[in-house]
Amino acid sequence: MTSTRSKKLCLAQQPDADEMLSRDPFALLVGMLLDQQIPMERAFAGPVAISQRMDGPFDPSTVAAYDPDGFVEVVAGPPAVHRFPTAMAARIQTLAKHLDEEYGGNASAVWADVKSGDDLLARLSALPGFGAQKAKIFVALLGKQLKVRPRGWREASEPYGEDGAYKSVADVIDVASLVKVRQFKQEQQVEKRVVARPLRQTRNS
């Protein structure tokens with residue numbers, strides 16, 4: 001097992017944001033939490049923006065205890081960290097409270113001593129705001145880029161643990177790979193629309 005200090009990440013495509021993601025496990029989890037309904041690089045740039053705006057350190061205990069209305073203002077900006085700042089501010093604080101209560105405020109403890117990929121997936125799935133897909137992607141991110149590779153991690157992260165694939169943030173290491181991941185997601189959306197169209201036609205016939 002290694003900490004997030006072992007590699008320079010390139011998820012936000014911004015030096016200060018990626019530096020924070022590379023050294024701060026809590027920032028990495030918050031970036032993953034924000035990664036929905038907005039561009040991936042904007043999501044992962046969120047933690048550094050929040051840390052620069054809030055009073056006190058950006059850590060689980062401080063975020064958890066932050067005045068909720070004040071934290072909404074931090075997330076809302078301007079510019080807003082997310083398109084739904086009020087909802088996301090609440091989710092970030094809920095995640096922070098979970099990490100503070102269950103892991104003593106040490107975000108890296110979520111994966112530091114896991115014995116298997118299934119164990120890691122279960123811990124991530126238990127995090128507030130982490131659904132099944134998000135948890136699998138984070139397992140793949142830890143394994144591919146941060147060398148957190150408990151037994152069976154690829155199987156636990158399927159289909160995102162596949163070597164050489166460009167399916168998620170786990171595969172983004174530079175601008176070129178970001179473009180490939182974005183293309184894959186666009187293709188997936190097209191396929192979903194193609195599948196859904198005949199279903200709607202069947203219901204209407």
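The second largest pocket holds about 180 Å³ of space. A pocket here is an open set of points on a 1 Å grid over the protein atoms alone, where a 1.4 Å probe fits, with protein on both sides within 12 Å along at least five of seven lines; lining residues have an atom within 4 Å of a point. A volume is the space filled by probe spheres set on the points, which are joined across faces, edges and corners. Among the residues lining the second largest pocket are Lys7, Arg154, Asp163 and Tyr166.

This is a predicted model, in which local features need pLDDT of at least 70 and side-chain atom pairs count only at pLDDT 80 or more, while totals for chains, interfaces and linings use all residues. Residues are numbered from 1 along each chain as its sequence is written, and side-chain values use heavy atoms, with hydrogens and water left out.

The largest pocket has a volume of about 750 Å³. Its lining has 26 residues, and Gln133, Ile137, Lys167, Lys185 and Gln189 lie nearest its centre. Helix H11 gives the most to this lining, with nine residues; helices are DSSP runs of H or I with at least four residues, numbered from the N terminus.

Leucine 21 is found in helix H1, residues 15-23. Is leucine 21 buried or exposed? Leucine 21 counts as buried because its relative accessible area is 0%, and buried means under 20%, exposed over 50% and partly exposed in between, with a 1.4 Å probe and protein chains only.

Terms used. Helix = DSSP H or I, 4+ residues; strand = E, 2+ residues; numbered from the N terminus.
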